[in-house]
Amino acid sequence: MKPRSLLFVAALGLLSMQSGAQSALFDFNDAPIHTSLPIDLTVNGISAHFAGTGQNFSIQQADALGFTPAGFSGFCIYPNSVFQADLVILFSRRLTDISILCAIQEYNCDPTGTMKVTGYMDGVFVASNTAIGSEGVWPTVTLSLSATQGFNSVVIHYDKKPPTCSDWGPIFLADDMYVTAANDPPTLTGNICLDGLEVGSAGYSANLEFRYPGTTTVAHSYPITLDVLCNYDAGVVAEGTWDVSVKFSHWLRETLPNPVILPGPNLISFTQMNGDANGDNSVNIQDLNSVFISFGVSDPNADLDGSGLVDLPDMNIVFINFGMSGAN
């Protein structure tokens with residue numbers, strides 16, 4: 001980590017403890033060197049997707065120009081050409097604050113060019129701010145934005161050229177991005193693929209269980225219902241580390257060990273194996289008997305493919321998954 005950043009991070013940590021906010025420093029030193037955007041980075045539970053417009057940006061050494069702009073070190077985001085491009089960043093969490101260090105291509109212009117940051121929430125404009133650098137060669141500027149209502153994406157844009165200088169270019173480098181996440185409660189959504197269905201999954205319901213890790217003891221249970229695309233929304237859930245488990249009617253139970261549920265949106269998906277016609281969480285001869293007994297009639301437990309009738313495809317599902325068992 002850069003020495004200049006240590007005090008800033010310590011201050012952010014103190015602020016985080018005082019306010020309950022979650023902060024993170026993206027210094028790009030763990031980013032893949034010489035790789036063009038898009039890239040994805042995660043720091044302190046906050047994920048950021050970096051992309052560029054125009055000729056794009058890439059990850060390079062901060063001294064790639066033969067010198068290092070003030071405040072830069074290690075790796076940074078570097079323009080791929082001399083033509084103007086915007087840096088677009090999408091976040092996994094709603095943010096209230098962001099700052100990012102930029103170095104503008106200029107040679108002792110006074111005043112310098114103007115950088116602009118614009119924040120959006122789900123694509124809707126929230127706020128913007130501008131900043132002007134100090135005189136120098138590739139002068140640096142700290143570009144920041146605060147908005148209590150929050151934002152989950154920003155655009156970093158070279159906004160205006162120096163008004164009285166001719167030795168400049170509309171490009172910039174970026175380093176040391178600090179972000180603070182809003183105090184949003186943890187929510188959980190995801191996708192659950194129900195194996196073997198011939199029809200849509202809309203209306204299929206189950207209880208999503210949060211269990212104490214390594215046990216079958218349920219700490220929290222959330223009723224969920226799938227939509228036609230197999231998506232679910234459990235709403236606000238308990239923060240922490242849990243074993244997350246679910247079983248739909250004649251599908252086998254699946255348990256994911258130890259996913260960490262953080263403040264803000266979380267995503268967990270499952271694939272459920274079909275064939276448990278008698279509900280004992282395994283596919284065996286009893287399930288085959290259940291299908292035989294209900295053959296030719298409408299029985300939701302034995303109608304494994306959801307066609308409305310128990311028939312040969314339901315038997316095939318049992319044969320395919322015969323001998324399989326679900327998680328405890």
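**Labels and their cut-offs**

Guide: At 6% relative accessibility, Arg 211 counts as buried, because buried means under 20% relative accessible area, exposed over 50% and partly exposed in between, with a 1.4 Å probe and protein chains only. This is a predicted model, in which local features need pLDDT of at least 70 and side-chain atom pairs count only at pLDDT 80 or more, while totals for chains, interfaces and linings use all residues. Residues are numbered from 1 along each chain as its sequence is written, and side-chain values use heavy atoms, leaving out hydrogens and water.

Visitor: What makes the contact of Arg 211 with Glu 209 a salt bridge?

Guide: A salt bridge is a side-chain nitrogen of Lys or Arg within 4 Å of a carboxyl oxygen of Asp or Glu. The closest N and O atoms of Arg 211 and Glu 209 are 3.0 Å apart, so the pair meets that rule. Glu 209 is buried too, at 14% relative accessibility.

Visitor: Why are Glu 209, Arg 211 and Arg 253 called a network?

Guide: Salt bridges link these three residues. Arg 253 also meets Glu 209, at 3.5 Å from N to O. Arg 253 lies in the loop between β16 and β17 and Glu 209 in strand β12, so this pair ties together parts that are 44 residues apart in sequence. Helices (H or I, at least four residues) and strands (E, at least two) are DSSP runs, numbered from the N terminus. Arg 253 counts as buried, at 18% relative accessibility.

Visitor: How do you know that β12 and β16 pair?

Guide: Two strands pair if DSSP finds at least two bridges between them. Here 3 bridges join β12 to β16, and the strands run antiparallel. Glu 209 stands opposite Ser 245 in β16. β16 also pairs with β17 (residues 254–256) in the antiparallel sense, over 3 bridges, and Val 246 stands opposite Glu 254 there.

Visitor: Why is β16 said to be covered on both faces?

Guide: In a regular strand the side chains alternate between the two faces of the sheet. In β16, Asp 243 and Ser 245 on one side and Val 244 and Val 246 on the other are all buried.

Visitor: What makes Tyr 212 and Trp 242 a tilted aromatic pair?

Guide: Rings of Phe, Tyr and Trp (its six-membered ring) pair if their centres lie within 6.5 Å; planes under 30 degrees apart count as stacked, over 60 as edge-to-face and the rest as tilted. The two rings are 5.9 Å apart, centre to centre, with 55 degrees between the planes, so they are a pair and the pair is tilted. Tyr 212 is partly exposed at 43% relative accessibility, whereas Trp 242 is buried at 10%.

Visitor: Why are the buried residues of α3 said to line one face?

Guide: They are Asp 314, Met 315, Ile 317 and Val 318, in a helix of residues 312–320. Seen down the axis of α3, they fall within an arc of 155 degrees, so they line one face of the helix. The arc is that of the directions from the helix axis to the C-beta atoms. On the other side of α3, Leu 312 and Ile 320 are exposed.
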